[in-house]
Amino acid sequence: MKPSAGSTLAAPAAAAAWRLADQACAAAGLIMHDAHEPDAARRAAEVLSTIWGRHGTEMIDPAMLVAIAHAGNLVTVATADGEPIGAAAGFCGPPGTPFHSHIVGLLPSATGRGLGRAVKLYQRAWCLEHGIDTMTWTYDPLVARNAYFNIRRLGARAVHYYAGFYGEMVDAINAGQGSDRMLIRWDLTTTPPEAGAPLVDPGRGSHSAIENLAGAPSAYSPPPRDTNTTLIAIPREIEEMRRTDPDLARRWRASTRDALDDLLVNGWIITDFTRSCQYVLHRERTS
């Protein structure tokens with residue numbers, strides 16, 4: 001699956017990254033196709049629109065995807081059994097800046113089988129081959145499975161909270177719920193952790209900044225000065241909650257926004273995400 005046309009001789013790190021990506025794609029039954037032509041870009045746009053529930057309007061313009069790919073960036077379509085099941089698109093900034101993975105999506109029927117990790121490993125290998133050692137992207141910090149995937153399965157760092165990052169969104173997933181996003185930074189030179197890597201023990205004396213109170217969020221409780229570990233709970237299935245109780249989902253947004261926005265700008269770093277749907281944060285040491 002490694003591209004050959006126009007590619008340079010891979011450095012050892014890139015070659016190892018391609019082996020890891022190929023293994024992951026093979027295990028997931030996934031084939032990645034770089035999308036340079038209009039037909040491939042159209043397939044990418046169609047599957048992304050289906051994933052985000054955009055009926056009648058495209059999630060992203062196929063012509064824009066062609067332009068992004070033509071400018072030397074990565075646009076891919078993921079297929080299984082010959083059918084498109086997902087797509088990804090990203091772009092590079094000025095020299096020396098990270099590759100930004102703008103959008104990655106898989107059909108709901110294709111999640112939970114290692115396909116998402118395979119797509120990210122493919123992007124990682126492409127970046128390393130092109131001399132890029134860092135990737136960034138954003139995700140909704142209330143989506144527990146994405147938090148667990150980004151932090152636990154990829155070993156990436158959640159580094160900044162943006163309130164209303166995209167403004168008002170009208171797709172079926174985000175409409176009416178705000179577009180707050182967490183910025184992820186992934187060091188591509190570090191091999192991603194294996195499945196089942198041990199969780200970081202928050203330890204005794206950790207503080208709960210946000211608690212899950214029978215499905216509802218507590219108010220934000222700032223950690224005491226002598227506390228070095230704090231926890232922020234999020235709901236296990238925010239997307240289901242948005243359909244059944246959108247007001248409660250908005251309460252979760254408001255409470256976690258208060259907590260994450262405050263803590264991340266005041267010396268706290270996210271170090272883990274637990275299976276019980278809690279962010280684990282530690283206070284950065286200062287010299």
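1. A polar contact is a pair of N or O atoms within 3.5 Å; within protein, one must be able to donate a hydrogen and the other to accept it. Keep that cut-off in mind for point 2. Note also that this is a predicted model.

2. Start with D180. Its side chain and that of Y161 are joined by a polar contact of 2.7 Å. Another polar contact, of 2.6 Å, links the side chains of D180 and R257.

3. Where does D180 lie? D180 sits in the loop between β6 (157-162) and β7 (181-187). Is D180 buried or exposed? Its relative accessibility is 0%, so D180 counts as buried. Setting aside neighbours within four places in sequence, D180 touches several residues, including Y139, D140, P141, F165 and R253.

4. Now look at helix α1, residues 12-28. At 1.5 Å a residue, its 17 residues should span 24 Å. The C-alpha atoms at its ends are 24 Å apart, which agrees. After α1 comes G29, with a positive phi near 70 degrees.

5. Which residues of α1 are buried? They are A14, A17, W18, A21, A24, C25 and A28. These residues cover an arc of only 130 degrees around the axis, so they lie on the same side of α1. They pack against β1 (31-34) and α4 (115-129). The face turned away from the buried side carries the exposed residues P12, R19, Q23, A26 and A27.

6. Next, the aromatic rings. How many aromatic pairs does a search of the whole structure find? It finds four. One of them is W137 with W186, an edge-to-face pair. Their centres are 5.8 Å apart, with 90 degrees between the planes. W137 belongs to strand β5 (residues 134-139) and W186 to strand β7, so the pair ties together parts 49 residues apart in sequence. Both W137 and W186 are buried.

7. F273 and Y279 also pair. Why is this pair edge-to-face? The ring planes are at 70 degrees, and planes over 60 degrees apart count as edge-to-face. The ring centres are 4.9 Å apart. F273 is buried, with a relative accessible area of 1%. Y279 is buried too, at 0% relative accessibility.

8. Last, the cysteines. A disulfide is a covalent bond between the sulfur atoms of two cysteines. The structure holds zero disulfides. C25 counts as buried because its relative accessibility is 0%. C277 is buried as well, with a relative accessible area of 4%.

Definitions and conventions: Residues numbered from 1 in each chain as written. Predicted model: local features only at pLDDT ≥ 70, side-chain atom pairs only at ≥ 80, totals over all residues. Heavy atoms only, no water. Helix = DSSP H or I, 4+ residues; strand = E, 2+ residues; numbered from the N terminus. Expected span 1.5 Å × (residues − 1). Buried < 20%, exposed > 50% of the residue type's maximum accessible area, 1.4 Å probe, protein only. Arc of directions from axis to C-beta. Contact = heavy atoms within 4.5 Å. Disulfide = S-S within 2.5 Å. Phe/Tyr/Trp six-rings, centres within 6.5 Å; stacked < 30°, edge-to-face > 60°.
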